[in-house]
Amino acid sequence: MNNALRITAFAAALAATFGTAYGVGRGVDPLVAAEDRPAQQHGGHGGGEEGGAEPAADHAPGGLQISEGGYTLDLATPTVRAGARTEIRFAVRDDSGRKVTAYQREHGKELHFILASTDLTQYRHLHPVRAADGTWSTPVDLPEAGGYRVFADFTPAAAGAGNLTLGADLAVSGAYRPAALPAPGTTAEVDGYRVALGGELRAGRSGELKLSISRNGRPVTDLQPYLGAYGHLVALRSGDLAYLHVHPNEGGPGPEVSFTATAPSAGTYRLFLDFKHEGKVRTAAFTVRVAEPGNGDGGHREGGAGAPAGHAH
């Protein structure tokens, strides 16, 4: 066999192998919805850093890897079409290739599924249901084509397992129109609510973020619990979409909700706050710039205390 034929045969075998792997996990049992139970208000997914604890120096931000700690995110639906309601299916597999079927509950759910476009203008926090065989599924309708990243945030029930955030790429087909990252600001408007962002996100050191919610000029003091707290915050780093664990602090039902977070590096981040009021969950988004640590301050936002950004979905 000459070299050209050898290369052709190798490519065909490789394609067949990946085709078989792509089909793994597509068969599902009838869906079994995860039972909702009250969650502890304090603490992030899997516990994590609280009260100013520093992250481990060798711990990479979440969501950058598809496999970690002996677990792999198996995304069975890597492509969907823009503007069409589609079901996304996936599974978490252990180091023996088996689908994981037992999880610890965090914030009232066994698994949190985050979906964001690479330009960070589209964001979804979804709660899929798990089939008996360990396959998760959730409907989604994405209006914009382009590249996306999905994140599975979970803690396996296996002894010694810690909280993990695994990520995978999702392609949304259609006419792609790239969008610029919204500029920095300090407020966001969504459905008549005004959300003001204060506090500080720092590189390599924990800081407190405070979000104040008002409507028609009046503070909202009767927020409803959402995922075991009065707000849920996700932070993604622009560029590689590194996922930050952001932890809710103790507090009442508004108007201020506070979180403890640590940025792994300087850069630009997009913050997404989910809050529930009058029975509906709304999302306010902010762009935050984090400077390099310097002069012993641990790294502050550009422009001081008023630098985080405002743009609502």
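**Close-up views around strand 20**

**View 1. Strand 20 pairs with strand 21.** Eleven bridges link strand 20 to strand 21 (residues 280-290), and the two run antiparallel. Strands here are DSSP runs of E, at least two residues, numbered from the N terminus. Two strands pair if DSSP finds at least two bridges between them. Thr 268 has Arg 289 in strand 21 as its bridge partner. The two strands form a hairpin with two residues between them. In the turn, Glu 278 has a positive phi of about 55°.

This is a predicted model: local features need pLDDT of at least 70, side-chain atom pairs count only at pLDDT 80 or more, and totals for chains, interfaces and linings use all residues. Residues are numbered from 1 along each chain as its sequence is written, and side-chain values use heavy atoms, leaving out hydrogens and water.

**View 2. Strand 20 also pairs with strand 16.** Strand 16 (residues 232-237) runs antiparallel to strand 20, joined by six bridges. His 232 is bridged to Asp 274 in strand 20. Strand 20 (residues 267-277) is mostly covered, with eight of its eleven residues buried (under 20% relative accessible area, 1.4 Å probe, protein chains only).

**View 3. The largest nonpolar core.** This core has 29 residues. A nonpolar core is a set of buried Ala, Val, Leu, Ile, Met, Phe, Trp, Tyr and Cys residues joined through side-chain atoms within 4.5 Å. Leu 201, Ile 213 and Leu 271 have the most contacts inside it. Strands 16, 20 and 21 are among those that each supply at least two of its residues.

**View 4. A second core.** This separate core of 26 residues includes Val 140, Ala 152, Ala 161 and Ala 168.

Methods
Buried means under 20% relative accessible area, exposed over 50%, partly exposed in between (1.4 Å probe, protein chains only). Helices (H or I, at least four residues) and strands (E, at least two) are DSSP runs, numbered from the N terminus.
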